[in-house]
Every structure is written in C-alpha cells, then in structure tokens.
Amino acid sequence: MTFVYILLAAQFLLLLYTFHKVRQTHLMAYGIKDLIENQTLELNNIYRQVQAYDALQRKLKFEEHLPPLRGWAASPDFLLTIAEHALNSKPDTIVECSSGASTITLAQCAKLNNRGHVYSLENDAFYAEKTRAFLKKHHLDDWATVLHTPLIEIEGNRKWYDLSNIPEIQEIDMLVIDGPPAFICQDARYSALPKLIDKLKNATVFLDDANRPEEKRIIKLWTEEYAIKNQMAHECEKGCVSFTV
C-alpha cells in the first residue's frame, strides 16, 4: 500500500508540475500577443507621424529642419492640424502658450499667407531663446515674437504666464494651448481661457494633449463655464480638441 501511495503522490506532483508549465506557457503566449499588438500599434502610430511630417513639409515648404518632435514636444499630426487651420482661416493674431516647433509652424503659415503674427508665451528663458534661434534660422523673425513670460501665482492656487509686460493685443483670432507644463500645478492649462477670454472674438482654440485626464477635466470645466461652440476632437496621437469661443 505504501508503494501505491508514493506512486499516487508522484503522479499528483507530476500533474501539478505539468499544470504549472502549461499555465506558464499560456501566460507567456498572451504576453507575446500583447507585446506584438502594442508594437504593431506603435509602428502604425510612427507611420502616421511620418505621413503627417511629410504632409507638413510639403504644405509649408520648410527649407530648414524643425526642432525635435514628439515626446515633450508637439507631434507632427498636431502641427499639421493647426497648420491646416492657419492656412485656411488666415488669422491676423495667433497666440500660443509655450513655444517650439509650433511657433515655427505657425510663423511659416503667416509667411505663406502674407498676413498675421504669432505671439508665443514661454515661461523658460532658455527655451525662449532656443525658439528665437530657430525662427532666425528659418528667416521667420518678422512673423513671430517669443515672449519670455515667467509663471506667477494667480487665483485658485494656480500658476500661469505673467502678462504684465507683453504687447497690448486687442483681439486674438487663433489660440494654441500647449503649456504650461502639467507638472507646474493642477489643471495648469485651465487659466488660458479665463485670462484671455476678453480677447477671443470668435477665435478658434486648440488644446494639445487632450487625451490626458487633466486636459479632459479642463475641457469639461470650460464647457460648463464658457460659451464654447463647434467643439471637435482631432485624431492626434496625444489628442487634440478645438472649439470656438
């Protein structure tokens, strides 16, 4: 009988080991499947960004390269979205929160339209100077002004750009919101509308990074507090929402 018990125990342990190996193989297979799917999605996204960058280059006829894109910087599909609007609507005054590749893009649109000017609010002096250098390289100095506007504390425990020393802008036709950085404070980009609402005369507003929970909350707050019309979600890798005020 003892031998039978030992045999049964050995068979049971073998069964457990087999089950463990099968389960490991099963999980590994699913892991590989998820990895392949994620890599496929990223490859598809990279292809879309290359397409967008190519379309941007052809539309705007850049002679020099743009600053590095994606990551912290704007993505090609977002730049293409705002460029198409600027080329079609031909705004006279464009204000953007943050500076970089979007500044070069919008300034080039103004140059091609032969009308308009871009004012970029930049809280970081180093990046402000870097963008100015790119504007000069692209011969776009006359079409854009990068304003070093440090962040100051405002109501609601928020921080936003100091507008005390910027040129007097009477009316904004296009507003692009891609700053301040989200880590500055909660709902860092919310203040763009309350601070500039009086200057937005049927202006079109673009908000980058609209897929993030914080930006979704900001859009919800704006929708509840302001007369927002024509809200549209654009298919960009980080999300983009536009609307008129």
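## The sheet

Two strands count as paired if DSSP finds at least two bridges between them. In this predicted model, seven strands form an open sheet in the order β3-β2-β1-β6-β7-β9-β8, and the pairing is mixed. Its edge strands are β3 (144–148) and β8 (229–234), each of which pairs on one side only. On average, and with direction ignored, neighbouring strands of this sheet are turned by 15° against each other.

Lys229 stands opposite Thr244 in β9.

## Helix α6 across the strands

Helix α6 covers residues 213–225 and lies across β6 (172–177), β7 (200–208), β8 and β9. The helix runs at about 160° to β7.

The length of α6 can be checked against its residue count. At 1.5 Å a residue, its 13 residues should span 18 Å, and the C-alpha atoms at its ends are 19 Å apart, which agrees.

Which residues of α6 are buried? They are Glu214, Glu215, Ile218, Ile219 and Trp222. Seen down the helix axis, the buried residues fall within an arc of 140°, so they line one face of α6. In general, an α-helix has 3.6 residues a turn, so residues three or four places apart point the same way.

The cover over the buried residues of α6 includes the strands β6, β7, β8 and β9, together with α5 (192–196). On the other side of α6, Pro213, Lys220 and Glu224 are exposed.

Methods: Residues numbered from 1 in each chain as written. Predicted model: local features only at pLDDT ≥ 70, side-chain atom pairs only at ≥ 80, totals over all residues. Heavy atoms only, no water. Helix = DSSP H or I, 4+ residues; strand = E, 2+ residues; numbered from the N terminus. Axes fitted to C-alpha atoms, helices over the stretch in contact; angles between N-to-C directions. Contact = heavy atoms within 4.5 Å. Expected span 1.5 Å × (residues − 1). Buried < 20%, exposed > 50% of the residue type's maximum accessible area, 1.4 Å probe, protein only. Arc of directions from axis to C-beta.
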